[in-house]
Amino acid sequence: MEIKIAAPDCCKYRATSLTLYLPPRFWRIDILDGKRFLPPDIFNTGQMKITLLTVGQTERGWIADGLKIYSARLSHFVPFTVREIPDIRNASSLSREQVKTKEGEMILKNLKDTDEVILLDEHGKEYSSVEWAGAIGKKLDAGARDLVFVIGGPYGFSKEVYGRSSGLISMSRMTFSHQMARVIFTEQLYRAFTIIRGLPYHHE
């Protein structure tokens with residue numbers, strides 16, 4: 001179904017007309033005067049919330065800038081939060097297993113019982129960008145509420161964190177630093193929503 005609505009003169013986001021493509025869950029709004037706008041929350045479903053939970057603070061300014069850019073863009077579609085867990089103190093005096101255990105305890109403390117937890121892990125399932133958009137779309141259709149993606153420390157996750165998760169995803173067979181993974185993942189999440197909404201960002 002297609003509905004065309006003339007935009008009133010008092011419209012905050014001025015345009016000649018709007019076209020709404022139904023079903024409502026996936027409304028797409030086209031500004032038909034040759035210019036496109038993405039006013040805040042105009043695509044927000046009001047249901048699913050996404051959190052990126054990371055171990056360690058973002059260290060590099062350019063990484064923080066990239067994360068800020070794509071987080072802001074993503075917020076047009078879904079409530080999105082980046083939550084950073086402090087680095088383990090005196091980690092150099094601990095074994096890898098001890099580090100993973102301590103990081104795992106902090107990760108679990110930052111999760112709610114209702115959270116659906118997905119770990120970014122080298123052994124996880126790989127997706128193309130379109131496949132990833134399809135996976136997110138299924139979460140939307142299923143009415144997922146609180147979705148938490150976790151980027152762990154350099155040694156991976158403890159067995160307790162693996163036990164709490166409901167899935168693993170891998171961004172690539174290549175290895176990225178855990179700092180860069182934050183930006184790459186957030187951009188891919190933003191890309192997924194533009195594919196779902198039919199916006200001209202992704203190109204095959």
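Strand β6 contributes the most to the lining of the largest pocket, with four residues. The structure is a predicted model, in which local features need pLDDT of at least 70 and side-chain atom pairs count only at pLDDT 80 or more, whereas totals for chains, interfaces and linings use all residues. Residues are numbered from 1 along each chain as its sequence is written, and side-chain values use heavy atoms, with hydrogens and water left out.

The volume of the largest pocket is about 510 Å³. Of its 24 lining residues, L120, D121, E122, F176 and H178 are the closest to the centre. Two or more lining residues come from each of β6 (116-126), β8 (167-170) and α5 (178-197). By residue class, the lining comprises 11 nonpolar, nine polar and four charged residues. A pocket is an open set of points, on a 1 Å grid over the protein atoms alone, where a 1.4 Å probe fits, with protein on both sides within 12 Å along at least five of seven lines; lining residues have an atom within 4 Å of a point. Volume is the space filled by probe spheres set on the points, which are joined across faces, edges and corners. Helices (H or I, at least four residues) and strands (E, at least two) are DSSP runs numbered from the N terminus. Nonpolar denotes Ala, Val, Leu, Ile, Met, Phe, Trp, Tyr, Cys and Pro, charged denotes Asp, Glu, Lys and Arg, and polar the others, Gly among them.

Six salt bridges were counted, each defined as a side-chain nitrogen of Lys or Arg within 4 Å of a carboxyl oxygen of Asp or Glu. One of them joins the side chains of E84 and R182 at 3.4 Å, N to O. This pair links distant parts of the chain, as E84 belongs to strand β5 (residues 80-85) and R182 to helix α5, 98 residues apart. Accessibility was classed by relative accessible area as buried (under 20%), exposed (over 50%) or partly exposed (in between), with a 1.4 Å probe and protein chains only. E84 is partly exposed at 33%, whereas R182 is buried at 2%.

A salt bridge also forms between the side chains of E116 and K139 (2.3 Å, N to O). Because E116 lies in strand β6 and K139 in helix α3 (residues 129-141), the pair ties together parts that are 23 residues apart in sequence. E116 is partly exposed, with a relative accessible area of 23%, and K139 is partly exposed at 23%. Within helix α5, the side chains of E187 and R191 meet at 2.8 Å, N to O; these residues are four apart and thus separated by about one helical turn. Both E187 and R191 are buried.

In strand β4 (residues 49-55), I50 is buried at 1% relative accessibility. Leaving aside neighbours within four places in sequence, I50 is in contact (heavy atoms within 4.5 Å) with V78, P79, F80, T81, L147, F149, L189 and F193. The C-alpha atoms of I50 and L147 are 4.8 Å apart, although 97 residues separate the two in sequence.

Confidence is expressed as pLDDT, the predictor's confidence in each residue, from 0 to 100. The mean pLDDT of the protein is 81, and 77% of its residues reach 70 or more. Confidence is lowest in strand β3 (residues 29-31), at a mean of 39, and highest in helix α4 (residues 159-164), at 97. Over residues 1-43 the pLDDT is below 50, and this stretch has 81 contacts in the model beyond near neighbours in sequence.
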